[in-house]
Amino acid sequence: MSESLTRAVRWDTVVGALLVVLLLVSFGFVDGFGNALNLSFLIGNTLPIALIALPMTLLVVCGEIDLSVASTAGLSGAVLGRLWNEGMAIETIIPLCLLLGVVCGLVNGLLVTRLGLPSLAVTIGTLAAYRGIAQIVLGSDAVTDFPSSYLDFASGRLGTTFLPQAFLPFLVLLALAVVVLHATPFGRSLFAVGASEEAARFAGIRVRRTKLALFVATGFMSSLTGVFWALHYASARYDNATGLELSVVAAVLLGGIDFDGGKGTLGGAVAGVFLLGALQNVMSLLNVSAQSQTVVTGVLLVVSVLGPRVARRITVARVGRRASPTATS
Amino acid sequence: MPKPSLRRTCAALAAGTSLALALTACSGTTKNDVKNDNNAAATAGKADPHAVTKKGLTVGFLPKQVNNPYFTVADRGGEKALTGLGSTYKEVGPSSATDTAGQVSYVNTLTQQQVNGIAVSAQDPGALCTALKQAMKNGIKVVTYDSDTSPGCRNAFVSQASAEDLGRTEVRLLAQQIGYRGEIAILSAAQTATNQNTWIGYMKDELKDPTYRNVRLVKIAYGNDDAQQSFQQTQGLLQEHPDLKGIISPTTVGIKAAAQYLSGSKYRGKVRLTGLGTPDDLRKYVKNGTVDAFELWDPARLGDLAARTVVALASGQITGRAGETFQADGTTYTIGKDGVINLGKPTVFDAKNIDQFNF
């Protein structure tokens, strides 16, 4: 098998192809899928996952994970609602919420890098803690009376096109993340850290600082998502975005980012995010119940962890048969 | 990529935030600037009370939560009504009663599927507004039932019972049971629960009537809609007021916990309990003599009326304006202020009729 062909059957390419196939089939066979309004619903509902998936991809590539993202988003929404109720201007509240996200990320990052704790354990802890604080901050209130210009931005679309207004800022963030991960020394260093932390350290990469920066970025994006969520659904509650971390992790893994670190592309992650989003939209249109949708997501998650590994085994076996023991990717 | 030190990052953040704060200190959009533009019920066109009832409509029911026994009964009432009218029923909804985002996307899905009407029990008065307005813009008739949105986000609201009716009838029910004499207490949910406090307000007002001159309200306890807390509050009430004759608990969680406590204590049959509860929760306490009678609206009738209201709207018999009337299953309903339609007096459940209900 030629080098280029081996590259072409990488998992993230497969996911991208699956997305295209799903979209084509849905355009053709699912009633109400192809019109602009529905596509804007699809993208709008998927944006929260997409936004957090950007820093999460970088984090998983360097071998860490953050499960507190949905709680951070919920906390940021709760603070937004509380301060709004207190009569503060929304232009002041939003930067404060984003700052709060940075602090949440900083706490996660410091616990992981300074105390050397596993990020899975740390962020399961802060998952509960941040959600608890959110409940203390806002109680069981639901704040909905935000200014309509903000609500319209978060849920409106560009004219009569299928693009939500909030999609353009996302594209900018996506471009930024792609450049950082795939076109800078910093991005290369993430892969190195993910592949072997020890080796990376010997190569002069400041591992702790790199990880800390990623946790902070993840916290920031989570709080941004929290603000977007509260405005998009016109509802700031302490339990906003509950369970979103699982969708993000599922989408990122589905996109071929290796859970052990060191492998993956943002293109794959974004394809994974929108594959999940489109599937959910299609299932809703076809009246598949919420419970069955959860099952489908779960099965996909398992497949996405297995898939790349199986694919790699096959590649390795093929390469091995051609008696070239060094090439493995 | 250069990596500024942690200290420098913090400094930059602090500077950025203070700048943002300074920039917005004098101007900005606050809660006070936002006027509620959702105060009038959405109406369109002119009503023709003699219009033919349309058949072949599709109406989507969107409860707060699917597989919740209360909504299952309500929605089945809607299904029965729609089938009888020659239309199609479907039900969608989130599996959690606080999944606002889920409800929004279900409204969007129904809009997408171009149903003729939506009957929705809103988890949140404001969150569904954008989505529901979009639905109405696409020609879909929107009726809320059980739990309303702001009036501007739907065509009509089918109210299970007026707050006044609920408050006053609970006092009447208990007073009858204790012979219009003795100390009574209220076991509510949270101290901040708006609906509970409205009902309690009407209860206090009803107690001012001379008929109740020998009835004294001694305490309002709060069980926070938590079974264990409500249980303990009931216990506390009876220790504190040994002469207590009756308790009103206008919450389904509270009344069940209170019944559980009374049933196992020496007060069973001596201290009367009434309030809002479901027949399934209280059946055994009615049978063992702990509870004489309690009330709630009949959710099946609520769903039935919601379905008929959607059909009347879609047929053009009503538009949602105050004063319009329409026929539903032989009864004439009049639309009140802000498009509110009242189901009627609450249903009282006692040993005689409780076995006819199953929710």
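Colleague: Is the crossing of α3(A) and α8(A) left-handed or right-handed?
Modeller: This is a predicted model: local features need pLDDT of at least 70, side-chain atom pairs pLDDT 80 or more, while totals for chains, interfaces and linings use all residues. Residues are numbered from 1 along each chain as its sequence is written, chains are lettered from A and ligands numbered from 1 in the order written, and side-chain values use heavy atoms, leaving out hydrogens and water. Helices here are DSSP runs (H or I, at least four residues), strands likewise (E, at least two), numbered from the N terminus. With left-handed meaning the near helix is turned anticlockwise from the far one by less than a right angle, the crossing of α3(A) and α8(A) is left-handed.

Colleague: How is α3(A) oriented to α8(A)?
Modeller: Helix α3 (residues 36-61) and helix α8 (residues 167-183) of chain A have axes 11 Å apart, at about 15°. Axes are lines fitted to C-alpha atoms over the stretch in contact, with angles from 0 to 180 degrees between N-to-C directions. Angles under 35 degrees count as roughly parallel, so α3(A) and α8(A) are roughly parallel.

Colleague: How many polar residues does the contact of α3(A) with α8(A) have?
Modeller: Residues with heavy atoms within 4.5 Å include A:Leu47 and A:Thr57 of α3(A) and A:Phe170 of α8(A). By class, 14 are nonpolar, none charged. Polar, meaning neither nonpolar (Ala, Val, Leu, Ile, Met, Phe, Trp, Tyr, Cys, Pro) nor charged (Asp, Glu, Lys, Arg), is one.

Colleague: Which hand has the disulfide of B:Cys129 and B:Cys153?
Modeller: The sulfurs of B:Cys129 and B:Cys153 lie 2.0 Å apart, and a disulfide needs them within 2.5 Å. The S-S torsion is about 75°, so the disulfide is right-handed.

Conventions:
Angles under 35 degrees count as roughly parallel, over 145 as roughly antiparallel, 65 to 115 as roughly perpendicular and the rest as oblique.
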